[in-house]
Amino acid sequence: MRKYPLLILSLFAFCISSFAQIEDKRGIVVKGAELVKVQDGFSFTEGPAINRQGDVYFTDQPNDKIYIWNPNSNQISLFREGAGRSNGLYFQLDGTLIAAADLNNELWAIDPKTGKETVLVPSFRGKKLNGPNDIWVRPSGGLFFTDPLYPRPYWEGIRGKEMEQDGQHVYFLSADRTELFRVAEDLKQPNGIVGTPDGKLLYVADIGDKKTWRYDINEDGYLTNKTLFCEMGSDGITIDDRGNVYLTGKGVTVFDKKGEQIAHIPVPENWTANVCFGATDRKTLFITAMGSVYTLKMKARGVW
C-alpha cells in the first residue's frame with residue numbers, strides 16, 4: 001500500500017513535465033495561445049526565412065529540400081528538391097533567397113520564381129569553407145554568415161571531414177559581391193546570427209562556447225565593441241520589434257535587449273533548431289524542431 005502514493009506522485013510529476021507551460025514575463029505571447037504542430041514527417045527542419053508576403057521557407061537538410069509554409073492556408077508545399085543540402089536561409093529585400101548550401105560548402109542566391117541558383121561564395125582563400133550555416137542580410141546591403149564545422153555523411157567523395165579553414169569564423173560579403181572577409185575570428189563555434197532592423201547591431205550565438213555576443217556594425221561591415229549578451233549559445237536566432245532576442249536549443253528562450261531572460265517556450269522535441277516570425281503581420285512565431293514545424297501566436301512582432 002505504501003507504494004501507491006509514490007506511484008501517484010511519479011505520475012503527477014510526469015504529467016507536469018510532459019505539459020510544460022510557456023513562461024512569459026513581458027506579455028510577448030498572445031494570452032492563452034498554444035503551440036501548434038503544423039506538420040511532421042520531415043527528417044530535420046532548419047533555416048526558416050520569411051519573404052515579403054509573409055510565407056516562410058524552411059529546409060529539410062537530410063532530404064535536401066526546401067519547403068514553403070503559407071500562413072493563409074496553413075499548408076506546406078515543396079519549393080525545391082536538390083537544394084545543395086541548404087541549412088540557413090534568408091531573403092534579400094529584392095526577394096532573392098540566400099541559402100547556406102552545405103553540400104559543397106557554398107553560399108547560394110536562389111531566384112524564388114525559377115528556383116535557379118547562383119553560387120555567391122564557392123570558397124575562401126582557395127580553400128573550402130567549413131559549411132556556411134546561418135545568414136543575416138543587413139538593410140543597407142551586404143550579408144553576414146557563420147561558418148562552423150559539422151562533418152556530414154554526404155560529404156563522402158566530395159571532401160574530407162577535416163577543417164580546411166584555420167577556424168570557425170563569421171564572414172561578411174559586400175553588397176556588390178566584390179569583397180569577402182572575416183569579421184570575427186575568436187569564436188569557438190558560431191552558429192545563429194541576426195542583426196537589428198537599423199543595421200547597427202549584430203548578435204552571434206557561439207553554440208560551442210554557450211554564449212551569445214553582441215557587436216556594433218561599421219558601415220564597411222567590420223564589427224567592433226564585442227559584448228557578452230547572455231550566457232547561452234544557440235542554433236538559430238531571431239529578433240522582434242521590441243528588441244527581444246530569441247534563442248533555440250531546448251525550446252525557445254527569449255531575452256530582452258539587456259540580456260535578461262523574459263520568456264521560455266517549451267517545444268516537445270529533443271532539439272529546437274531555429275525560429276523566425278511569419279505571416280503578413282509578422283505575429284506568428286514559426287519554429288523548426290527535429291522532424292516537425294510549429295507555430296505560436298504572438299503579441300510581439302517580427303521585424304523582417
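Predicted model: local features only at pLDDT ≥ 70, side-chain atom pairs only at ≥ 80, totals over all residues.

**Reading the model together**

Biologist: Which ring does the ring of Tyr-246 pair with, and is the pair stacked or edge-to-face?

Modeller: To read an aromatic pair, look at the ring centres and then at the angle between the planes, where under 30 degrees counts as stacked and over 60 as edge-to-face. By this rule there are 18 aromatic pairs. Take Phe-145 and Tyr-171 to begin with: their centres are 5.2 Å apart and their planes stand at 10°, so this pair is stacked. Phe-145 belongs to strand β12 (residues 143-147) and Tyr-171 to strand β13 (residues 169-173), so the pair ties together parts 26 residues apart in sequence. Phe-145 is buried at 0% relative accessibility, and Tyr-171 is buried at 0% too. Now for your question: Tyr-246 pairs with Phe-277, with centres 5.3 Å apart and planes at 90°, so that pair is edge-to-face. Tyr-246 is in strand β20 (residues 245-249) and Phe-277 in strand β23 (residues 274-278), so parts that are 31 residues apart in sequence are tied together. Phe-277 is buried, with a relative accessible area of 3%.

Biologist: Which residues form an aromatic cluster?

Modeller: One cluster is made up of Tyr-90, Trp-136, Phe-144, Phe-172, Phe-181, Tyr-222 and Trp-304.

Biologist: And which charged ends sit over a ring?

Modeller: Here you look from the charged end of a side chain to the ring centre. The charged end of Arg-159 sits over the ring of Trp-155, 4.2 Å from its centre. For Lys-226, the charged end sits over the ring of Trp-213, at 4.1 Å from the centre.

Biologist: Let us go back to the strand of Phe-277. Which way do the residues of β23 point?

Modeller: In a regular strand, side chains alternate between the two faces of the sheet. In β23, Asn-274, Cys-276 and Gly-278 point one way, while Val-275 and Phe-277 point the other way, and all are buried. The strand is mostly covered, with five of its five residues buried.

Biologist: How many bridges join β23 to β24?

Modeller: Five bridges join β23 to β24 (residues 284-289), and the two run antiparallel. Val-275 has Ile-287 as its bridge partner in β24. Together β23 and β24 form a hairpin with five residues between them, and Ala-279 in the turn has a positive phi of about 80°.

Biologist: What is the order of strands in the sheet that holds β20?

Modeller: The order is β1-β22-β21-β20-β19, an open sheet of five strands with antiparallel pairing. Its edge strands are β1 (23-24) and β19 (237-239), each pairing on one side only. Three bridges link β19 and β20 in the antiparallel sense.

Biologist: Which strands stand at the edges of the four-stranded sheet?

Modeller: That open sheet has the order β3-β4-β5-β6 and antiparallel pairing. β3 (45-50) and β6 (75-81) stand at the edges with a single partner strand each, so one side of each has no neighbour in the sheet. On average, neighbouring strands of this sheet are turned by 25° against each other, direction ignored. Inside the sheet, five bridges join β4 (residues 56-60) to β5 (residues 65-70), and Val-56 stands opposite Trp-69 in β5.

Biologist: What about loops: is Asp-102 buried or exposed?

Modeller: Asp-102 lies in the loop between β8 (97-101) and β9 (106-110). Its relative accessible area is 2%, so Asp-102 is buried. Beyond neighbours within four places in sequence, its contacts include Asn-130, Arg-152 and Trp-155. For another loop residue, see Leu-35, between β1 and β2 (36-39). At 24% relative accessibility, Leu-35 counts as partly exposed. Among the contacts of Leu-35, leaving aside neighbours within four places in sequence, is Ile-287.

Biologist: Which residues does the UniProt domain annotation cover?

Modeller: The unreviewed UniProt entry annotates residues 44-289 as "domain: SMP-30/Gluconolactonase/LRE-like region". Over residues 44-289, the chain is 0% helix and 48% strand, with the end C-alpha atoms 7 Å apart.

Key
Residues numbered from 1 in each chain as written. Heavy atoms only, no water. Buried < 20%, exposed > 50% of the residue type's maximum accessible area, 1.4 Å probe, protein only. Contact = heavy atoms within 4.5 Å. UniProt positions renumbered as here; feature names shortened; annotations may be inferred. Phe/Tyr/Trp six-rings, centres within 6.5 Å; stacked < 30°, edge-to-face > 60°. Lys NZ or Arg CZ within 6 Å of the ring centre and 35° of its normal. Pairing = 2+ DSSP bridges. Axes fitted to C-alpha atoms, helices over the stretch in contact; angles between N-to-C directions.
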